[in-house]
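Subject: Structure for your files

Hello,

Please look it over when you have a moment.

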Amino acid sequence: MTFDAASIVGSTLLGAVFKRLQPSKKNIALVPVLIFLMIFFIMLKLIDFSVAGYFVIIAFVGLCLGGSYNTMAGLVTM
C-alpha cells in the first residue's frame, strides 16, 4: 500500500521535473533517482529496521522506482 501510494507521488513529481527540463536534459534527471533507489535497496539488505522503518524504506523505493518506471513507460508510448 505504501509502495503504490509513493509510486503515484513519485511519478507526479518526476513528471513535474520533466516538464521544466529541456528535452536533452531529461535523462540526467533519472540518474539521481536511480542512485537513491540503489541506496534504499542496499539499506533494506544491510540494516535491520522495525516494521515502521520497513514501511518508510518501501515507500521511498516506490517513490524512486514508480516515478522512474512510469515516466519511462510514458515516454515509450509517446
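Of the 78 residues in the chain, 24% are buried. The model is a predicted one, so please read everything below as computed from predicted coordinates. The accessible surface of the chain is about 5500 Å², and carbon and sulfur atoms account for 75% of that surface.

Fold

The chain has three helices and zero strands, and its elements follow the order α-α-α from the N terminus. Among contacts in the chain with a separation of 6 or more, 64% are between residues 24 or more positions apart.

Helix 1 against helix 2

Two packed helices are described by the angle between their axes and by the distance between those axes. For helix 1 (residues 2-20) and helix 2 (residues 26-46), the angle is about 145° and the axes are 9 Å apart. Helix 1 makes a right-handed crossing with helix 2. On the helix 1 side, the contact is made by L14, V17 and F18; on the helix 2 side, by K26, A29, L30 and V33. By type, the residues of this contact are six nonpolar, one charged and no polar.

Aromatic residues

There are three aromatic pairs in the structure. One of them is F36 with F40: the ring centres are 6.4 Å apart and the planes are at 20°, which is under the 30 degrees needed, so this pair counts as stacked. Both F36 and F40 belong to helix 2, where they are four residues apart, about one turn of the helix.

How do F36 and F40 stand in terms of exposure, buried or partly exposed? F36 has 47% relative accessibility and therefore counts as partly exposed. F40 has 14%, and because buried means under 20%, F40 counts as buried.

F40 also pairs with F60, and this pair is stacked as well, with 5.1 Å from centre to centre and 15° between the planes. F60, at 36% relative accessibility, counts as partly exposed. Taken together, F36, F40 and F60 form one aromatic cluster.

Regards

Definitions and conventions:
Residues numbered from 1 in each chain as written. Predicted model: local features only at pLDDT ≥ 70, side-chain atom pairs only at ≥ 80, totals over all residues. Heavy atoms only, no water. Axes fitted to C-alpha atoms, helices over the stretch in contact; angles between N-to-C directions. Helix = DSSP H or I, 4+ residues; strand = E, 2+ residues; numbered from the N terminus. Left-handed = near helix turned anticlockwise from the far one by under 90°. Contact = heavy atoms within 4.5 Å. Nonpolar A, V, L, I, M, F, W, Y, C, P; charged D, E, K, R; others polar. Phe/Tyr/Trp six-rings, centres within 6.5 Å; stacked < 30°, edge-to-face > 60°. Buried < 20%, exposed > 50% of the residue type's maximum accessible area, 1.4 Å probe, protein only. Areas by Shrake-Rupley, 256 points an atom, 1.4 Å probe, with all protein chains shown as cover.
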